Amino acid sequence: MSTFKNSEKIPSKEEVKEQVKINKPKSGNPPVHYPFWFGGSAAALAAIVTHPLDLVKVRLQTRAPDAPKKMVGTFGYIIKNEGFLGLYSGLSASLLRQLTYSTVRFGVYEDLKVRFAPEATAENPKAKPSTLNLIMQSSLAGLLGGIAGNPGDVLNVRMQSDFGKPLAERRNYKHALDGLIRVVQEEGVTSLWRGVGANSTRALLMTSSQLGSYDIIKQFFMNSMGMRDNITTHFSASLSAGFVATTVCSPVDVIKTRIMSGAGKKSIMEILRAATQQEGYLWMFRGWVPSFIRLGPHTIFTMIFFEQHKKLYRSWKGVELGVEYVHKV
């Protein structure tokens with residue numbers, strides 16, 4: 001006759017669920033809310049570092065026939081003709097763009113991740129959102145961010161490409177605010193949303209391939225490769241996300257730049273047809289290398305700054321890593 005030894009009581013599912021602490025700090029206080037503007041602040045700081053690379057990318061995509069065709073040559077051409085500060089032409093518009101576009105896309109994405117986070121169970125106490133959910137949430141956030149940031153994007157492209165145009169065609173905006181006023185006065189307020197279709201599509205692809213892939217890759221590094229949630233992991237995940245985002249967004253990025261920098265009223269189909277006839281299908285990846293050289297570092301700096309924003313905020317509030325939070329509006 002067999003004997004069963006119950007030296008330890010097996011807890012019920014209800015008892016296990018009670019022990020699982022999700023979204024609650026150990027102190028029992030309500031969850032800390034990250035400020036909504038953290039993403040915009042992080043992206044603006046990154047833009048200051050990477051603006052020269054963004055400028056060269058735009059100049060290559062909109063260059064005149066006699067302008068340099070390579071990235072290094074374009075750098076030299078700008079410094080020779082405009083001076084070193086010419087590399088920061090249009091910086092105010094770039095900051096305006098990030099403080100609108102990135103504030104919305106980061107804020108909405110982080111909020112959606114918390115609102116629609118899978119509920120933890122006894123069987124799965126550390127439930128993670130699915131890849132599909134992350135892509136859908138980041139896509140919606142990117143779409144909204146693209147619409148909100150379109151005025152800043154129009155000014156950013158115009159100010160960066162202005163010096164490469166003939167003197168008679170230059171707009172010569174003094175700064176972003178001057179550009180906003182002049183666009184409204186000279187072209188009407190609707191011109192601030194010129195190219196919003198291509199831009200919001202690009203923003204949707206950018207955010208899903210950048211923020212979505214960053215979270216997916218970061219989870220893989222931590223869960224499958226045993227990496228810790230530190231700056232090394234943030235760097236590796238953001239570099240990979242930058243590569244993905246550059247490849248996915250390259251065709252739409254070229255179209256968006258040409259629409260916003262042009263003076264005519266050509267439709268997207270007319271621009272596509274002309275680009276294919278004149279340049280072949282390789283137009284879709286024109287400027288890919290400078291795009292990656294710009295977007296890779298920009299993604300790295302943005303995500304590291306963003307993670308540091310959150311880390312400092314947690315430290316200030318005295319809460320521990322591992323607790324889920326939602327942004328406050």
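Residues are numbered from 1 along each chain as its sequence is written, and side-chain values use heavy atoms, with hydrogens and water left out. Because the model is predicted, local features need pLDDT of at least 70 and side-chain atom pairs count only at pLDDT 80 or more, while totals for chains, interfaces and linings use all residues.

**Stop 1**

Select residues 196-224, helix α8, and residues 288-317, helix α11. Helices here are DSSP runs (H or I, at least four residues), numbered from the N terminus. The axes of α8 and α11 are 12 Å apart, and the angle between the two helices is about 60°. That angle makes α8 oblique to α11. For the angle classes, under 35 degrees is roughly parallel, over 145 roughly antiparallel, 65 to 115 roughly perpendicular, and the rest oblique. Axes are lines fitted to C-alpha atoms, for helices over the stretch in contact, and angles run from 0 to 180 degrees between N-to-C directions. The crossing of α8 and α11 is right-handed (the near helix is turned clockwise from the far one by less than a right angle).

Now show the side chains at the contact (heavy atoms within 4.5 Å). On α8, pick Arg202, Met206, Gln210, Leu211, Tyr214 and Lys218. On α11, pick Arg294, Leu295, Thr299, Met303 and Glu307. The residues of this contact divide into five nonpolar, two polar and four charged. In this grouping, Ala, Val, Leu, Ile, Met, Phe, Trp, Tyr, Cys and Pro count as nonpolar, Asp, Glu, Lys and Arg as charged, and the others, Gly among them, as polar.

**Stop 2: Thr299**

Stay on helix α11 and centre on Thr299. Its relative accessibility is 0%, so Thr299 counts as buried. Buried means under 20% relative accessible area, exposed over 50%, and partly exposed in between (1.4 Å probe, protein chains only). Not counting residues up to four places away in sequence, Thr299 touches Gln210, Ser238, Ala241 and Gly242.

**Stop 3: salt bridges**

The whole structure has nine salt bridges (a side-chain nitrogen of Lys or Arg within 4 Å of a carboxyl oxygen of Asp or Glu).

Select Arg59 and Glu82, whose closest N and O atoms are 2.8 Å apart. Arg59 lies in helix α2 (residues 38-61) and Glu82 in helix α3 (residues 71-82), so this pair ties together parts that are 23 residues apart in sequence. Both Arg59 and Glu82 are buried.

Next, select Arg97 and Asp153, which form a salt bridge at 2.8 Å, N to O. Arg97 is in helix α4 (residues 91-115) and Asp153 in helix α6 (residues 150-161), so the pair links parts 56 residues apart in sequence. Arg97 counts as buried at 6% relative accessibility, and Asp153 counts as buried at 2%.

Then select Glu187 and Arg158, a salt bridge with its closest N and O atoms 2.8 Å apart. Glu187 counts as partly exposed at 34% relative accessibility, whereas Arg158 counts as buried at 0%.

To see a network of salt bridges, select Glu110, Lys113 and Asp215.

**Stop 4: Trp283**

Finish in the loop between α10 (268-279) and α11, where Trp283 lies. At 5% relative accessibility, Trp283 counts as buried. Leaving aside neighbours within four places in sequence, Trp283 is in contact with Pro251, Val254, Ile255, Leu272, Ala275 and Thr276. Trp283 and Ile255 are 28 residues apart in sequence, and their C-alpha atoms are 9.4 Å apart in space.
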